[in-house]
Amino acid sequence: MGEGTKRRFRFQPVDDDGPDFGDPPRNWGRVVSMAGVWTVVLLGGAWIAPGFASGGSSAATDVRDQPATDEINAASRYLRFGSDDDVDRAEQVLCDGASPGVKPADLVELRAFYEEELGSYPETEVKTELPEMTAQGAEVDATISYIAGNSFREESFSVTVKESDGDFCVTQAVRHEQEQDEPGSAGDPQELAARYLSAVFVARNIEAAAGHQCREYEGVEPRELSDALSDWEVLFGEASAIQSFDGDPVTSTGSTVVPMSVELSSGRAVETFSFEVTVEGDCAAALSGGEALLETSD
């Protein structure tokens, strides 16, 4: 198949009567190694197992219909329900007469936007910070992560919660504008390189990958990699992709070369391919490597 590849084949007997161990857990540590500065934090406090009605009844009470227990719980519920397209429950968390800047319908649209960008319907996770008391109420900073496979995006919010006689409700929700680089400014080369390859191998969105390219680009095109990936899956089955950095970036005048590898794994084979992504400013200027994968299409 060529140099620069490591292949391991798995031969597993089929035992229809064997135990079902379920799906393996998501390895977030490997995701972080791919994404560099990206971070995912799971918040479990907002989802407590349903309690039971008093009197020993076996009928479970849906925790989503119970009142918010504190400021953080109210803010988290509002963002979770809206992101999960549960608009009615999100509106129940609002104070009477409240008209927040970010409405539940806006949260639904935001998740739909990332579904298109990431190429599949994303899961959502909410992270909240400790509340800060203001004249308007308790202000809770929060982050929503939109997760699809090994890729995710983040949005930041501030949610204002009012408390009255032990009842907590949301009066305001504001979305923080993401910082934009100045025209011509350079981003993190490793993050840009990871996003470029992730668009091909993880999100499988050729148009998104092309959007990361510089106007003057040299080397392997995303379409070539996508076709080679499809041919690989014909031979070995549906693949999952894990990216990692292979050593430190090498910087020269005006550009940075980021060495990376992509591991394709299926039920029958595991193979690793090496690449070098050249980053100039805020775009990918060149891509080399992956010869063994490209030979799959020949």
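Here is a short walk through this structure, from the whole protein down to a few of its residues.

The model is predicted, so local features are described only at pLDDT of at least 70 and side-chain atom pairs only at pLDDT 80 or more, while totals for chains, interfaces and linings use all residues. Residues are numbered from 1 along each chain as its sequence is written, and side-chain values use heavy atoms, with hydrogens and water left out.

Let us begin with the overall picture. The protein contains eight helices and 14 strands; helices (H or I, at least four residues) and strands (E, at least two) are DSSP runs, numbered from the N terminus. Of its 298 residues, 42% are buried, where buried means under 20% relative accessible area, exposed over 50%, and partly exposed in between (1.4 Å probe, protein chains only). The accessible surface comes to about 16500 Å², and carbon and sulfur atoms hold 48% of that area; such areas come from the Shrake-Rupley method with a 1.4 Å probe, and for residues only the protein chains shown count as cover. Among contacts (heavy atoms within 4.5 Å) with a separation of 6 or more, 56% are between residues 24 or more positions apart.

Now for the interior. In soluble globular proteins, nonpolar side chains tend to be buried together. A nonpolar core is defined here as a set of buried Ala, Val, Leu, Ile, Met, Phe, Trp, Tyr and Cys residues joined through side-chain atoms within 4.5 Å. The largest such core has 31 residues, and F201, L264, V277 and L287 have the most contacts inside it. At least two residues each come from α5 (189-201), α7 (222-236), β12 (255-265), β13 (269-280), β14 (283-289) and α8 (291-294). Helix α5 gives the most, with eight residues. Another core, of 26 residues, lies apart from this one and includes V102, L110, F168 and A173.

Take L264 as a guide to its surroundings. Setting aside neighbours within four places in sequence, L264 is in contact with residues including F201, L229, W232, F273 and L293.

A284 is buried, with a relative accessible area of 3%. Not counting residues up to four places away in sequence, A284 touches Y196, H212, Q213, C214, Y217, V277 and T278.

Two of those names, Y196 and Y217, lead us to the aromatic rings. Rings of Phe, Tyr and Trp (its six-membered ring) pair if their centres lie within 6.5 Å; planes under 30 degrees apart count as stacked, over 60 as edge-to-face and the rest as tilted. By this rule there are five aromatic pairs. The rings of Y196 and Y217 have centres 6.2 Å apart and planes at 70°, so this pair is edge-to-face. Y196 sits in helix α5 and Y217 in strand β9 (residues 213-219), 21 residues apart. Both are buried, Y196 at 1% relative accessible area and Y217 at 15%.

F201 and F275 form a tilted pair, because their ring centres are 5.8 Å apart and their planes stand at 50°. This pair joins helix α5 to strand β13, across 74 residues. F201 is buried at 2% relative accessibility, and F275 is buried with a relative accessible area of 2%. Elsewhere, ring pairs link F113, Y114 and Y146 into a cluster.
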